[in-house]
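Let's take a look at this protein together. Keep the structure open while you read, and find each residue as it comes up.

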Amino acid sequence: MAFPEDVLTEDEHVVLHLHPHWKALLRPILVLVLAVVAVVAGWLLLPDGDGGTIALYAIAALGLALVCWLGLWPFLVWRTTHYLFTDERVLLQEGVFSRNRRDLPLTRINDHSMHQRFLERLLGCGTLTIESAGERGQSVLNDVPHVDKVQTKLYELVEAHHDKHSLGDGEMREILADMRDGKPLRDPSA
């Protein structure tokens, strides 16, 4: 399920599009493997006859239920969780049946930090916390792959956006000199 391009503005460009780290898929894969092993073991070891067949069906039904609950559902959650970094904002989207989306404009990002536990450092992931001006304050992105590089890229995006939308010292001096000399103001972005 790709992130819908129609949520982007006309001039907005995707810089990073991430899902949580692949470690979130370890438990679903393990549950699937164990369910298959249990069904195969039941098929090979249970006696022939009605009792063995009923027990095999019970094992298969339990395995299927566990695969759906502990395997398929976490996979769908992982697949529908998006961390999207553009040149204008950070979009966070999650939800399998319902959808939650949060937009963090780069102009409102005050601070960002990362945290990695030992195992996360080994796997190359971590938690990125983005603090923004507004009611909701912090957004916590868990299991971000290559969190150190993502944090650096976020810093670069915030700085580039700030530089693009603010006047430099030379431009400000020109405007002040024009105002002092009585010249009409010109558009600095032109």
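## Leu-70 and its contacts

Setting aside neighbours within four places in sequence, Leu-70 is in contact with Arg-27, Pro-28 and Val-31. Keep in mind that you're looking at a predicted model. Leu-70 itself sits in helix H2, which covers residues 50–79.

Now try Leu-32: 38 residues separate it from Leu-70 in sequence, yet from C-alpha to C-alpha the two are 8.7 Å apart in space. Is Leu-70 buried or partly exposed? Its relative accessibility is 21%, so it counts as partly exposed, because buried means under 20%.

## His-161

Next, jump to helix H4, residues 147–164, where you'll find His-161. This one counts as buried, because its relative accessibility is 11%.

So what does His-161 touch? Not counting residues up to four places away in sequence, it touches Asp-87, Glu-88, Leu-106 and Thr-107.

## The whole chain

Time to zoom out. The protein chain has five helices and seven strands. Starting at the N terminus, they come in the order β-α-α-β-β-β-β-α-β-β-α-α.

The chain has 190 residues, and 32% of them count as buried. Its accessible surface comes to about 12,700 Å², with 60% of that belonging to carbon and sulfur atoms. As for contacts, take those between residues at least 6 apart in sequence: 53% of them join residues at least 24 apart.

Terms used: Residues numbered from 1 in each chain as written. Predicted model: local features only at pLDDT ≥ 70, side-chain atom pairs only at ≥ 80, totals over all residues. Heavy atoms only, no water. Helix = DSSP H or I, 4+ residues; strand = E, 2+ residues; numbered from the N terminus. Buried < 20%, exposed > 50% of the residue type's maximum accessible area, 1.4 Å probe, protein only. Contact = heavy atoms within 4.5 Å. Areas by Shrake-Rupley, 256 points an atom, 1.4 Å probe, with all protein chains shown as cover.
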